[in-house]
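Please look at the sequence and the 3D structure shown below. The questions after it go from whole chains down to single residues.

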Amino acid sequence: MHVDYWAHLKQSNAGRAGLILVCLLVGVAVLAPVLSPWNPGAYTGAIFSPPGREHWLGTNDVGQDVWAQLLFGARTSLAVGCGAALLATLLSALIGGTAGLLGGLYDRFWMRAVDALLVIPPVIPAILVGAYLRPSLAVTVALLAAILWPGEARVVRAQILSLKERAPVAAARTFGAGWGHILVRHLIPELGPVLVAVFVQGVRRAVFLEAGLSFLGIGDPAVVSWGRMMQHALRFTYLDVWKWWLLPPGLALSLTLGAFALLGFALETVFHPRLRR
Amino acid sequence: MLRDRPFATYVLAVFVILSLNFILPRLMPGDPLLAIYGEEALLAMSPELKEELVRRFSLDRPLSAQFLAYLAALFRGDLGHSYYFNAPVSRVLLGFLPWTLLLTGLALCLCAALGVVLGIESGARRGRPQDAVLLSAALFLGGFPDFFAGTLLLLFFGVTLGVAPLAGALTPYAGKAGLSLVLDVLHHLTLPLLTLVVVRVGPFYLLTRNTMVTTLGEAFILTARAKGCPDRTVRYRHAGRHSLLPVVTAAGLQYAHLITGALFVEMVFSYPGMGTLLYRALLTRDYPLIQGILLTAALAVLTVNFLLELVYVKVDPRVVRAR
């Protein structure tokens, strides 16, 4: 099954839209200092100033430029999202992969653990640990990865189990190939695309959880993030400021989640041919 | 899907949460009492009270004894003392829990009912414009973070139009009773409920629709049509009923999302449930209260999941026979 996934991804509308949006977001995050003259944490001299030429999206209650905060918030979201998803994908590949390969008691131990972790809603341990640790960005990444891996490990394990039984592997085995050869030449290359899909889904969930945590005020107060912007702005709904302070971070967050959802959806259809119509 | 989880899984999950609750304050650097109660509470504490608390948590004994003491306290319903409310955590929780249960319970019922009906109608019209519109709407709304959806509704209906209350679950000191009280509660409930339903109806709908699509291709549908059953009957009695099964399984998972979603949505609407309480506890760093809220939420989710699994066995006899 040597399919050109990239070509399939580009053919689907959802895939194209998702890719363009994600590229756009990454570009904005990388170029944040260029796109805004202001520093997101700096006092600019005007409080609650409405959008204008000086401040494209106005300023907030302590005189910070909202546009700059929005741009730098993209950095936080993407950094935490990608970092946590990467870590979780590695963990799940390690645990899910070995569980699928080795089987037996080891497999049963991990799958029982994964089952138990999966019935706990992820937000609950996130808030609990976050409340105690008052996490920095690095700790948030580790925390989210610790929450994301069980679901992903299950997907990786299922994939390994199915790959193990496929014809090329059986053929290689009849030719006398050792486990190392099968692993390197057959299983790992075939697992790659699945890990990409798992990673993209992980980014979406991590971005969502990060925004939720910072919306509750958990996390490093010095880090600009969309969730924290919304938490602050929500206190001032009696003023008109929500139009340029509360809506943009919410829309940016929804756009980011949507972009990764589209990409994930497209990848899923690419990898499961039966869903293709 | 996740239908034949053994009871042990739930026991293990409860154990994981309890150990997390137990170990976190004790892992923190410094005095565990400080981590259990927070700095602010400890400043106001007299040495006698401190000593009493050390004894109560068995902090002068090994970790295993501390864990047993913690479990024993939980079984007595003792979740600790809320510093901010100056009352037992369990009593504080009982004041806030009913509102959350009302909100999430109604949301679950509405989501399931609406999702199933929309899913059946949409699945029966697969490929036609109505189906396409519903499908894209569900995909679009499903990606919205619940607190932002709530914020939008609050800004539109509450702030701009002014037709919905901005906070609370009741009009304070209005002295309402009977029907007007019920209407008042519903008036305050509408927006948070709408938020949860709008964001969470998608999975129910998608699941029902997908099952409908496969079910409609099965032989017994052809039989039903051949014997002249009207379209409505085929749709609801035959195919719809058959598509209900996965919804029961999904309901448990969705309740988890609803409870955690409610934590955020309540905060947006200042609805006096567990979410608002959690936010206040986080702001005041009232750790026993934070632990109590999250433990209760987790237990609620686990209980609903477990009960639904029992229901599933009743609804689908194949599960029992398969064992």
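Q: What percentage of the 277 residues of chain A count as buried?
A: This is a predicted model, in which local features need pLDDT of at least 70 and side-chain atom pairs count only at pLDDT 80 or more, while totals for chains, interfaces and linings use all residues. Residues are numbered from 1 along each chain as its sequence is written, chains are lettered from A and ligands numbered from 1 in the order in which they are written, and side-chain values use heavy atoms, with hydrogens and water left out. Buried means under 20% relative accessible area, exposed over 50% and partly exposed in between (1.4 Å probe, protein chains only). Of the 277 residues of chain A, the buried share is 52%.

Q: How many helices and strands are there in chain A?
A: Helices (H or I, at least four residues) and strands (E, at least two) are DSSP runs, numbered from the N terminus. Along the sequence, chain A reads α-α-α-α-α-α-α-α-α-α-α-α. The count for chain A is 12 helices and zero strands.

Q: How many helices and strands are there in chain B?
A: Chain B has 323 residues, and 46% of them are buried. Its C-alpha trace spans about 85 × 55 × 35 Å along the principal axes. The count for chain B is 15 helices and two strands.

Q: What part of the accessible surface of chain A belongs to carbon and sulfur atoms?
A: Accessible areas come from the Shrake-Rupley method with a 1.4 Å probe, and for residues only the protein chains shown count as cover. The accessible surface of chain A comes to about 12,700 Å². Carbon and sulfur atoms hold a share of 67%.

Q: Among contacts in chain B between residues at least 6 apart in sequence, what percentage join residues at least 24 apart?
A: A contact means heavy atoms within 4.5 Å. Counting contacts in chain B between residues at least 6 apart in sequence, the share that joins residues at least 24 apart is 71%.

Q: How far apart are the C-alpha centres of domain 1 and domain 2 of chain B?
A: Domain bounds come from an automatic or database domain assignment. For chain B the assignment gives domain 1 (2-78) and domain 2 (95-315). The distance between their C-alpha centres is 34 Å. The contact takes 19 residues from domain 1 of chain B and, from domain 2 of chain B, 13 residues.

Q: Which residues have the most contacts inside the largest nonpolar core?
A: A nonpolar core is a set of buried Ala, Val, Leu, Ile, Met, Phe, Trp, Tyr and Cys residues joined through side-chain atoms within 4.5 Å. The largest one has 153 residues. Those with the most contacts inside this core are A:Ile127, A:Leu216 and B:Leu278.

Q: Which helix of chain B gives the most to this core?
A: The core draws at least three residues from each of domain 1 (2-78) and domain 2 (95-315) of chain B. With 15 residues, the helix of chain B that gives the most to the core is H12 (residues 244-269).

Q: Which residues does B:Leu278 touch, not counting residues up to four places away in sequence?
A: B:Leu278 is one of the buried residues of H13(B). Its partners, with residues up to four places away in sequence left out, come from both chains. They are A:Ile127, A:Leu216, B:Leu263, B:Ile290, B:Ile293 and B:Leu294.

Q: How many of the 11 residues of helix H13 of chain B are buried?
A: Helix H13 (residues 274-284) of chain B is mostly covered. What covers its buried residues includes helix H6 (123-133), helix H9 (179-215) and helix H10 (226-233) of chain A, together with helix H6 (89-124), H12 and helix H14 (287-315) of chain B. After H13(B) comes B:Arg285, with a positive phi near 55°. Of the 11 residues in H13, the number buried is eight.

Q: Why does B:Ala164 count as buried?
A: B:Ala164 lies in the loop between helix H8 (146-160) and helix H9 (178-215) of chain B. Leaving out residues up to four places away in sequence, B:Ala164 touches B:Phe157, B:Gly158, B:His187 and B:Leu191. B:Ala164 counts as buried because its relative accessible area is 14%.

Q: What is the relative accessible area of A:Arg154?
A: A:Arg154 is found in helix H7 (residues 137-164) of chain A. A:Arg154 is partly exposed, and its relative accessible area is 28%.
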